[in-house]
Amino acid sequence: MGIALRNTETWKLLEKHYLEIKDIHLRSLFENDRSRGRNLVIKDIGVYFDYSKNRITGKTIDLLIRLARERGLESRRDEMFAGEKINVTEERAVLHTALRVPVGSVVMSDGRNVVPDVLTVLEKMSAFSEKIRNGEWKGHTGKPIKNIVNIGIGGSDLGPVMAYEALKNYSMRSLVFRFVSNVDSSDFYEAVEDLSPEETLFIISSKTFTTLETMTNAHTARKWSLSKLGDPSAVARHFVAVSTNEKEVIKFGIDPLNMFGFWDWVGGRYSMSSAIGLSTMIAVGPETYYRMLNGLHQMDEHFRTAPLDKNIPVIMGLLGIWYNNFFGTQTQAVFPYDKYLHRFPAYLQQLTMESNGKNVTLDGDKTDYQTGAIYWGEPGTNGQHSFYQLLHQGTKLIPADFIGFMKPLNNLPPHQDYLIANLIAQGEALAFGKTEEEVKAEGVSNALTPHKVFEGNRPSSTFLLDKLSPENLGKLIAMYEHSVFVQAVIWDINPFDQMGVELGKVLAKNIIPELQDTAMTLSHDGSTNELINYYRKNRLND
């Protein structure tokens with residue numbers, strides 16, 4: 001990319017600026033600017049993004065945007081949308097945004113418009129979903145399908161389960177949905193324990209159809225199904241595949257007509273709007289699924305076209321840079337104040353940490369600055385009664401995102417008012433706290449006063465949307481996708497590969513036969529050898 005990040009002029013200006021404002025309290029920032037709560041807000045495409053409770057000034061934002069331009073954010077963004085191979089380590093385009101463009105759009109990759117292929121797969125998914133939903137698709141014994149089990153891992157699991165839970169209010173409640181990802185046998189056992197093989201369909205989601213965890217669970221599912229159905233030909237009525245490996249799909253016994261494909265320009269953690277979303281479409285129906293795609297596309301277009309200072313994912317990403325690289329924060333909290341989004345933080349963990357958990361630049365040079373933050377969170381208000389103590393009075397600075405909706409999907413007054421009151425109150429408490437003088441004014445004893453003081457000056461951003469609609473779910477997903485990209489451009493890293501997950505998987509394949517054959521000679525380090533020997537000895541002594 002040219003000049004190293006920390007050697008750029010703007011980075012040095014940001015370091016100087018940080019020293020100037022690091023000790024300024026949010027109380028002072030608001031006192032000195034009575035319109036701050038109106039000015040540091042972006043309102044667009046139905047999202048109200050309040051970032052005024054961050055430890056920034058207008059100068060901070062100006063410098064961060066200057067840094068983004070200096071690092072080529074706009075050109076890199078345009079290259080992504082144009083289908084250029086910005087995933088340089090794998091020599092691939094990055095076109096998850098093409099999965100949600102309107103009919104008639106043109107998105108080129110290697111001289112080919114990929115949109116017709118995307119629409120063909122969506123149409124195939126829609127037709128299949130409707131057959132399941134209306135009972136037309138029958139199992140081997142002639143019974144309609146009532147249970148759908150998605151077997152995948154990583155993006156082939158986290159996206160579908162998050163979307164299903166988020167859109168559960170829109171789902172077909174007569175169908176049962178389960179998700180299996182862990183190679184732990186208990187995951188599969190509990191998923192099918194109360195299901196009938198005659199009424200169960202398995203979606204095997206694996207691009208290569210070779211992923212250890214997914215295929216282990218897939219073969220266990222096959223055995224479970226045939227233990228009741230008997231005839232191996234039944235597999236074709238109870239299994240479908242989301243994959244690109246037709247040879248292995250056929251070998252498994254799945255009809256290739258029931259194989260839903262996708263492309264190498266769709267990364268796993270960006271794949272939930274590809275055929276990986278088949279279980280979601282079955283649950284909510286094609287129309288609702290297309291509404292989610294529309295929300296994703298709206299945020300894509302906002303990110304692609306909005307000025308940087310009015311661009312929600314851009315400001316989000318730059319705030320992450322500010323805290324990570326200047327304040328030295330380690331984590332980013334995400335608190336959705338909606339029960340249906342209870343799997344959203346887990347989904348974001350893969351999206352953010354697998355994308356930006358890198359320590360070398362695009363040129364292969366070691367970074368001399370922090371990259372990806374640790375993302376975590378739980379739904380409000382549950383977290384308030386557990387870990388919020390650390391946020392308010394702990395020794396760690398943790399930026400937080402609060403996500404809320406004006407209208408509940410299940411209106412039971414006064415629940416929603418109480419929920420949103422807590423969301424707003426937490427941001428206020430984190431920012432402004434309670435001073436020693438305020439505590440003493442309440443008549444608290446001198447001995448107890450230090451324990452009642454809230455320092456405040458803890459940053460947060462608040463996102464408010466109308467309701468948890470399919471469109472708004474799509475907007476939230478794409479919002480975080482693009483903020484991840486913004487940070488990766490600044491850091492000059494590749495957010496679209498995941499080579500760090502490979503070593504452990506390779507070593508596990510080597511250890512499997514060593515666990516099963518006690519005669520094999522071990523040649524690992526001392527600790528690993530002892531662990532293998534201990535397992536060998538004790539697994540045989542049930």
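**Entry 1: the largest cavity.** I looked up which element gives the largest share of the lining of the largest cavity, and I found that helix 14 supplies it, with five residues. I noted that I am working with a predicted model. The volume of this largest cavity comes to about 150 Å³, and of the 18 residues lining it, Met316, Leu319, Gly320, Gln332 and Asp401 are the closest to its centre. Besides helix 14 (312–327), I listed strand 12 (400–405), strand 13 (460–465) and helix 20 (470–491), each of which supplies at least two lining residues. When I sorted the lining by class, I got nine nonpolar, eight polar and one charged residues.

**Entry 2: the second largest cavity.** I then turned to the second largest cavity, which holds about 80 Å³ of space, and I found that helix 14 gives the largest share of its lining too, here four residues. Its lining includes Leu319, Gly320, Tyr323 and Trp491, and by class I recorded six nonpolar, six polar and no charged residues.

**Entry 3: strand 5.** Is strand 5 buried or exposed? I found that five of the five residues of strand 5 (residues 147–151) are buried, so the strand is largely enclosed by the rest of the structure. Asn147, Val149 and Ile151 lie on one side, with Ile148 and Asn150 on the other, and both faces are covered. I reminded myself that side chains in a regular strand alternate between the two faces of the sheet.

**Entry 4: partners of strand 5.** Strand 5 pairs in the parallel sense with strand 6 (residues 176–180) over five bridges, and isoleucine 151 stands opposite valine 180 there. Strand 5 also pairs in the parallel sense with strand 7 (residues 200–205) over five bridges, where asparagine 150 stands opposite isoleucine 203.

Conventions:
Residues are numbered from 1 along each chain as its sequence is written. This is a predicted model: local features need pLDDT of at least 70, side-chain atom pairs count only at pLDDT 80 or more; totals for chains, interfaces and linings use all residues. Side-chain values use heavy atoms; hydrogens and water are left out. Buried means under 20% relative accessible area, exposed over 50%, partly exposed in between (1.4 Å probe, protein chains only). Two strands pair if DSSP finds at least two bridges between them. On a 1 Å grid over the protein atoms alone, a cavity is a set of points where a 1.4 Å probe fits but cannot get out, and a pocket is an open set with protein on both sides within 12 Å along at least five of seven lines; lining residues have an atom within 4 Å of a point. Grid points are joined across faces, edges and corners, and a volume is the space filled by probe spheres set on the points. Ala, Val, Leu, Ile, Met, Phe, Trp, Tyr, Cys and Pro count as nonpolar, Asp, Glu, Lys and Arg as charged, and the others, Gly among them, as polar.
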